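Hi,

Here is the structure I promised to pass on. My notes on it follow below; have a look whenever you get a moment.

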Amino acid sequence: MTQLIKKLSEARYLLLIGIIYTSLITIAFLYPTEGLPKVTIPASDKIVHILIHGLLAFIWLTYSYSADKYHISNKIVVVVLIVCFLYGLVIEVSQHWFTLSRQFDLLDILANTVGSLIGLLFFWIFRRLNIL
């Protein structure tokens, strides 16, 4: 198991994981919702946004950390968080302009931002525990 974690934490694998994950969530966020079952759990949409963006930020922070030989500067952390924020913003604007069944939601942007900060928190915890 340790060998698998070490192998997957190499920069090239993390880059591939990051690209695939980002592509998949882009498709999911822009996919039409008509015909999909409705979920009636309160705030489930926001929880999903938090989880998705938390993992997004975590993956790209981990990639940056691995690519720089297990060092990460505050500048890179800020850049990753800004890019995650802008990505979420672009997705929301794209939902408004390019889909009929989805709409722009400021609370989704807030949930995305909270998720990215939680991803940073988990990255920091994993790094401190020498899991990364």
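To start with the surface, Leu16, Ile20, Leu24, Ile27 and Tyr31 make a nonpolar patch of about 530 Å². Patches here consist of residues with over 30% relative accessible area and no salt bridge, and nonpolar side chains (Val, Leu, Ile, Met, Phe, Trp, Tyr) are joined within 5 Å. A salt bridge would be a side-chain nitrogen of Lys or Arg within 4 Å of a carboxyl oxygen of Asp or Glu. Areas are from the Shrake-Rupley method with a 1.4 Å probe.

This is a predicted model, where local features need pLDDT of at least 70 and side-chain atom pairs count only at 80 or more, while totals for chains, interfaces and linings use all residues. Residues are numbered from 1 along each chain as its sequence is written, and side-chain values use heavy atoms, without hydrogens and water.

Confidence (pLDDT, from 0 to 100) averages 88 over the chain, with 85% of the residues at 70 or above. Helix H1 (residues 2-8) has the lowest mean, 62, and H5 the highest, 95. Helices are DSSP runs (H or I, at least four residues), numbered from the N terminus.

Ile20, from the patch, lies in helix H2 and is partly exposed because its relative accessibility is 44% (buried is under 20%, exposed over 50%, partly exposed in between). Thr62, in helix H3, is buried at 7%. Beyond its neighbours within four places in sequence, Thr62 is in contact (heavy atoms within 4.5 Å) with Leu14, Phe123 and Leu132.

Best wishes

Terms used:
pLDDT = per-residue confidence, 0-100. Helix = DSSP H or I, 4+ residues; strand = E, 2+ residues; numbered from the N terminus. Patch = residues over 30% accessible without salt bridge, like charges linked within 9 Å, V, L, I, M, F, W, Y side chains within 5 Å. Buried < 20%, exposed > 50% of the residue type's maximum accessible area, 1.4 Å probe, protein only.
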